[in-house]
Amino acid sequence: MTEPVLELSNLEVSFGRGLRAASVVRGVSLRIEPGEIVGIVGESGSGKTLTAMAAADLLPVGAEMTADRWTFEGHDLAASARSERGPILGGRLAVVFQDPMSSLNPARTVGAQMGDVVRVHHGQSKRAARTTAIDRLRQVRVTAPERRVDEYPHEFSGGMRQRAMIAMGLMTPPALLIADEPTTALDVTVQADVMAVIAELNREHGTAVILVSHNIALIAEVATRVLVMYAGRIVEEVAADSLATRSRHQYTRALIGSVPRLDAPRDQPLVTIGGAPPDPTTRAEGCSFAPRCAAATSECRSVRPEFVESDAGRVACFHPAADA
Amino acid sequence: MSATFGRRKQWLATLLGTPTGIAGVVLMAVLVLLAIIGPPIWGDAAVKSDFLRTLLPPSTSHPLGTNGSGQDNLARVLVGTRLSLLMAAGSVAIAATIGLVSGALLVTVGGRVQRIGATIIDTWLGFPSILLSVLIIAVLEKGRGAIVIAIGFSIAPFFARITLTSAASVVGLDYVAAGRLLGLSRWRIAHRYVLGNIIDSLVVAIFSMFGQCLIAISALTYLGFGGARDGIESWTSIDWGSVLNDSVRNFRDQPASVLGPAIAIAIAGVAFGWFGDALGRSLNPRLTVRSASGRSLRSSRASASGGATANASVNS
Amino acid sequence: MMLSIRELSVSYPGSDVVVVDGISLDVPSGGTLGLVGESGSGKSTVARAVVGMVRPRSGTIEVDGVEVGAGSSAAMKHLRSTTQMVFQDPAASLHPRMTVGAALVEAASVRADVAHGQGDLAMEVHRLMDLVGLPETFVDRYAFELSGGQRQRVAIARALAPRPRLLILDEVTAALDVSIQATILNLLKELQAELHLTYLAISHDLAVMRYLCDSIAVMELGSIKEIGAADEVFGSPGHPYTVALLDAVPQFGRTRDDRTVLTGEPADPADRPSGCSFRARCPVGPVFDASRDRCVTTTPELAVVDHSGPDHAVACHFRLNTNDRDV
């Protein structure tokens, strides 16, 4: 069996200490094989972004991370010091954020920033780096790349900036691209374009992708495998093409039902989920979705469900739903 | 159902919530007290000349020594509190009134008038305040009133600027548009929606400018403007700037006397600044309100159970 | 007609750039019209023009039979008593320093014919909070203490306080989580039935619009490219832009590869192309088929499509066979 690109076991991310400690990610394990596109879907407070940021070693100040195992391309990151992780990840891991304007330096040209990656990690000359940058911009379908490479981020449109960020990640072919809500702020046609670029990257270069989004239909379209997160935990793992029909967790079903669909009858009512996600500072017993779940029983409220294999993946639910 | 729709009175707690806040409030109280009781208690000691006791060094009966006319330096500093504070307050009041009103008017009118007005303000702001004041004083009669007006006028553009930029940042927001759409009167929008939301930064600005005004005024009286030292002296002619003038003149003989007015000016500036910050904080509900769910952005003593039940029972 | 717009053109103050280029539409009383489009389409500007936040260059806007576009004080007065708006960003649309109760009292007090005694206003606030499903205890809360969904409920309650007949919904669920979005959409539908409201909804999210609206107008670079009943526009779209938009929406059970991807950026209103504004990106236009130079020379007008109902109109020289979804 080939080595996974990324492996994280029993990840926990928390903020604060003692009484005020809040665990926002609990017991998350994931394993990304080369060439996979894994989608992580959830709503605000599900912990999906922090999970991705933990994997990318980009947790914000104040966040504490523990994991039983954390490897990247076979290297043990858990055992490495912060300074050692840079060389292991640099050039092999690319990250795209939701708001490219705040992750691109407004005071430097796009080309210069892109060049940093290869000049720092591979010692390329300025000219060589610029050529590579132009090439990558062309790859992500930025028109007139020779001109664009010398422009500043504010001269790029939103969609172009996202593509520039992806291009930046491509400067040295990455083994893994982590994209956190990369298209949320973009028009739907531009979104489709950016997704096509990511899909192409995956197809042509074998880059594995972790795609984090609240847009469940988008994930279903692009990913091969989907992880559904709720209240800091993964509640279901399912093959993307089975998401709509054979997902089993009550939350997943409710989530899918709450999204208006172009292929459903126009007047089909949307599913609503009463209540709100639990407070991360509390540690309730039982399933964290139980207070809002229509199928919850006393067992659900007292015992936390473990993963059970289902025909389309695995699910942590005592009352998995039937086929849709 | 509770009939009160207003703010909870947590602002006192916020005012006194930080070390600097407490210090600011205490110092302010001391200064105001001195301004009130200074002249009655130490007035005589401050103006009574005694040419047998000129330029005495610090001692128990004269902690800061005496000046060239035999007057007690400490008494003069204490008495000078009233005039200095009054003059600085007067200047700030004038500056704030001119500045806030013109800034607010410009924002309400908007458009090209606002742009032209902003340019005028920036130009005005560029003038060195002391120079401008001297010019103004030259036009008006001498006397401390002229100083107050002059400094007030030269500091006004600062307030206009701050009002302009704060208000402009708020005016474009959706809730102002919503207010207009409801048909609320222009006055209400200007007052409740725009001003109400920038009030905390304005308050901080006003109090922090106080220190600047104080220094500028003291500089002018130090330089001899404001016509003093002729005829009968009373608290109306003693302020820290003129006391400083005295002390500097006698510096070679009596270096310690400089400390009095200098420290007084510094303390007053800092006190007002701290107080202003604390007051500004207390006017911002985000920092003061403890909500029913126990969630307060200031306090992290959120009660966990209270938070969970409140959240769980409400449909988002 | 509750809302009637004719030949509306708007350019932004201080600039000559035309953001809305002569559009016309009608919304019947009790109906919902959705304006969909991408950034730069001008849809938000239309909304703002209706509520008087921007002045039109030309054209008319009639709300409940009264012309309001001109902005006279009588027009504005009529507008305010008939029309309200719910904004996109729940964080910016509520007064940061007013409690929910205070904001609702203020909104309720503007109506001249509602009694203003303390007790009456309190009852009115009750009624409003009940309508949108907010518990009583929220009366003393500030906006920053509420979640996005709760804030939108307050915004809706506030908009309903003056008892309007027409509500402009500007991307009202764009900033919300999907499950919350569903709750708000359902709430809006209920309120419409209960209070007989008319809605003009603006959004870039086609699936949401399909759910909420009974008619749709698709805008691109300031003009309406297609307009008609939602079933028609979504079921048998006639304009290549509509088809491209629908194709771009992610759907379950489809994968990336089997779709046309629209390349290029949405056009810039400052740099308006001649003829059809969509021609640079159109998958069946002159870029792909050189013989179609009509698209370059002549701006297509909205023309009613024969097969569907009388309302369905498309502005395209080569409009698609409306029974055929594949471009």
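How many of the 5 residues of strand E8 (residues 176-180) of chain A are buried?

## A strand on the inside

The answer is 5 of the 5, so strand E8 of chain A is largely enclosed by the rest of the structure. Here "buried" means that 20 or more other C-beta atoms lie within 10 Å of a residue's own; 12 or fewer makes a residue exposed, anything in between is partly exposed, and the C-beta atoms are placed from the backbone. Strands (E, at least two residues) and helices (H or I, at least four) are DSSP runs, numbered from the N terminus.

Before going on, keep in mind that this is a predicted model: local features need pLDDT of at least 70, side-chain atom pairs count only at pLDDT 80 or more, and totals for chains, interfaces and linings use all residues. Residues are numbered from 1 along each chain as its sequence is written, while chains are lettered from A and ligands numbered from 1 in the order in which they are written.

## Both faces and both neighbours

In a regular strand the side chains alternate between the two faces of the sheet. In E8(A) both faces are covered: Leu176(A), Ile178(A) and Asp180(A) are buried on one side, and Leu177(A) and Ala179(A) on the other.

E8(A) also has partners (two strands pair if DSSP finds at least two bridges between them). Strand E7 (residues 93-96) of chain A pairs with it in the parallel sense over 4 bridges, and Val95(A) stands opposite Ile178(A). Strand E9 (residues 208-213) of chain A runs parallel to E8(A) too, joined to it by 5 bridges; there, Ile210(A) is the bridge partner of Ile178(A).

## Over the helix and through a loop

E8(A), H8(A) and E9(A) make a right-handed β-α-β unit. Right-handed means that, with the strands pointing away from the viewer, the path from the first strand over the helix to the second runs clockwise.

The loop between E8 and H8 of chain A holds Glu181(A). Glu181(A) is not a glycine, yet its phi is positive, about 45°. It counts as partly exposed, because it has 19 C-beta neighbours inside 10 Å. Now look at chain C: Glu171(C), also not a glycine, has a positive phi of about 50°. Its place is the loop between strand E7 (166-170) and helix H7 (178-195) of chain C.

## Where chain A touches chain C

Here 36 residues of chain A are in contact with 36 residues of chain C. Two residues are in contact if their C-beta atoms, placed from the backbone, lie within 7 Å. On the chain A side, helix H8 (188-205), helix H9 (216-222) and helix H10 (243-246) each supply at least two residues. The largest share, 8 residues, comes from H8(A).

## A look around chain C

In helix H2 (residues 73-82) of chain C, the buried residues include Leu79(C), Arg80(C) and Thr82(C). The buried residues of H2(C) pack against helix H7 (174-181) of chain B, together with strand E4 (58-63), strand E6 (83-86) and E7 of chain C.

Chain C also has an open sheet of 4 strands in the order E2-E1-E4-E5, with antiparallel pairing. Strand E2 (18-27) and strand E5 (66-67) are its edge strands, each pairing on one side only. E4(C) and E5(C) are joined by 2 bridges, and Val63(C) has Val66(C) as its bridge partner in E5(C).
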